[in-house]
Amino acid sequence: MKALFIHNLYKTYRNGVQALVDVSLAVEEGDFFALLGPNGAGKSTLIGIVCSLVNKTSGSVEVFGHSIDTELETAKAFIGVVPQETNFNQFESAFNIVVNQAGFYGMPRRQAMKQAQRYLEIMELWDKRDQISRSLSGGMKRRLMIARAMVHDPRLLILDEPTAGVDIEIRRSMWKFIRRINDEGTTIILTTHYLEEAESLCKKVAIIDRGRIVENTSVKELLATLDIETFVLDLRTPLDTLPELDGYEVTRVDATTLEAVLPKSRSLNGLFGALAASGIEVLSMRNKSNRLENVFLRLVDRS
Ligand code: ADP
């Protein structure tokens, strides 16, 4: 069963901006799917169309087999959305925020209260249920957004930049909660700028650039295609200018840091030989960890 099926989707805004150009995409039920792309790539437009906040120009969108053109209400009931910005009433309690959301789906109050408890417990917010949202920490507010989006048991949860602007500790804890929702069977689509987030969280990934899907595969396969490695080199003595290193792609990050991009087929010995020949002594070296970032930068060509 496809949770989301998008076919030949186009969006041209009134000002003539072509935000989506012939986008086709399928997300299987149970997937943990990342939609990656630089600013202005078309991610929000795509999400907006799926959630019927933005009108498409042409093409088709189906949510669990229900077209947003002919069965909008049914399609919408399958979706939960966590927007980028927290947008709840600052003075309402966490419990009421979740219960009231259920009202939009016509859920009886008794059932809504049960659902609110279930998801506030999952998000480890049950003991905060009577606090007004304003008094919750940033991480708690984001978890409350997820509890609210889940109250009607959507089969597809869409998170728009779920960890934008939060510190690494909160980000990691958010991952745990989002993983749990996926483990319990909900299909997840998230947009993110943090490539590390997609790499550690998601199984599938689509990369969008200037309104077009430029890659659509599994994270594993994408990383397997990577045939270059980037190393960060720390130097013993500061370097004002980098000498020409024949045949090696080396850049100067700062006076004591270089970055070297090496095809996997080439040995490191040669690189070190070239550096030593230029009088450059390397103190330490590490592999630049974010492998997905390399793929991303290669695909999203800004030249
Ligand atoms: P992303 O979410 O990947 O940053 P968006 O979907 O917000 O990208 O934007 C895609 C393109 O559409 C951008 O060029 C943006 O300026 C343009 N755009 C977005 N919303 C509107 C709008 N309401 N009117 C006109 N152009 C828009």
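Modeller: Contact means heavy atoms within 4.5 Å. By that rule, Gln115 touches Met107, Met150, Val151, His152 and Asp153, leaving aside residues up to four places away in sequence.

Colleague: What makes Gln115 buried rather than exposed?

Modeller: Buried means under 20% relative accessible area, exposed over 50%, and partly exposed in between (1.4 Å probe, protein chains only). Gln115 is at 11% relative accessibility, so it counts as buried. It is found in helix 4. Helices (H or I, at least four residues) and strands (E, at least two) are DSSP runs numbered from the N terminus.

Colleague: Which residues and atoms count here?

Modeller: This is a predicted model: local features need pLDDT of at least 70, side-chain atom pairs count only at pLDDT 80 or more, and totals for chains, interfaces and linings use all residues. Residues are numbered from 1 along each chain as its sequence is written, and side-chain values use heavy atoms, with hydrogens and water left out.

Colleague: How do you know which strands are at the edges of the sheet?

Modeller: Two strands pair if DSSP finds at least two bridges between them. The open sheet has 6 strands, in the order 6-7-8-3-9-10, with mixed pairing. Strand 6 (79-82) and strand 10 (212-218) each have a single partner strand, so one side of each is left without a neighbour in the sheet. From one strand to the next, the twist averages 15 degrees.

Colleague: What makes strand 7 and strand 8 a pair?

Modeller: 5 bridges join strand 7 (residues 156-160) to strand 8 (residues 187-192). The definition asks for at least two, so they pair. The two strands run parallel. Asp160 has Thr191 in strand 8 as its bridge partner.

Colleague: Which helix packs on strand 6 and strand 7, and at what angle to strand 6?

Modeller: Helix 5 (residues 138-150) touches both strands, and its direction makes about 165 degrees with that of strand 6. Axes are lines fitted to C-alpha atoms, for helices over the stretch in contact, and angles run from 0 to 180 degrees between N-to-C directions. Helix 6 (residues 168-183) lies across strand 3 (32-36), strand 7 and strand 8, at about 150 degrees to strand 8.

Colleague: How many aromatic pairs are there in the whole structure?

Modeller: The search finds 2. Rings of Phe, Tyr and Trp (its six-membered ring) pair if their centres lie within 6.5 Å; planes under 30 degrees apart count as stacked, over 60 as edge-to-face and the rest as tilted.

Colleague: Why is the pair of Phe64 and Phe78 called tilted?

Modeller: The ring centres are 5.1 Å apart and the planes stand at 35 degrees, so the pair is tilted. Phe64 is at 2% relative accessibility, so it counts as buried. Phe78, at 17%, counts as buried too.

Colleague: What makes the pair of Phe95 and Trp126 edge-to-face?

Modeller: Their planes make 70 degrees, with 5.9 Å centre to centre. That angle is over 60, so the term applies. Phe95 is in helix 3 (residues 94-103) and Trp126 in the loop between helix 4 (109-122) and helix 5, 31 residues apart. Trp126, at 23% relative accessibility, counts as partly exposed.

Colleague: How do you know that Arg129 lies over the face of Trp126?

Modeller: A charge sits over a ring if NZ of Lys or CZ of Arg is within 6 Å of the ring centre and within 35 degrees of the ring normal. Arg129 lies over the face of Trp126 at 4.1 Å from the ring centre. Arg155 lies over the face of Phe64, also 4.1 Å from the ring centre.
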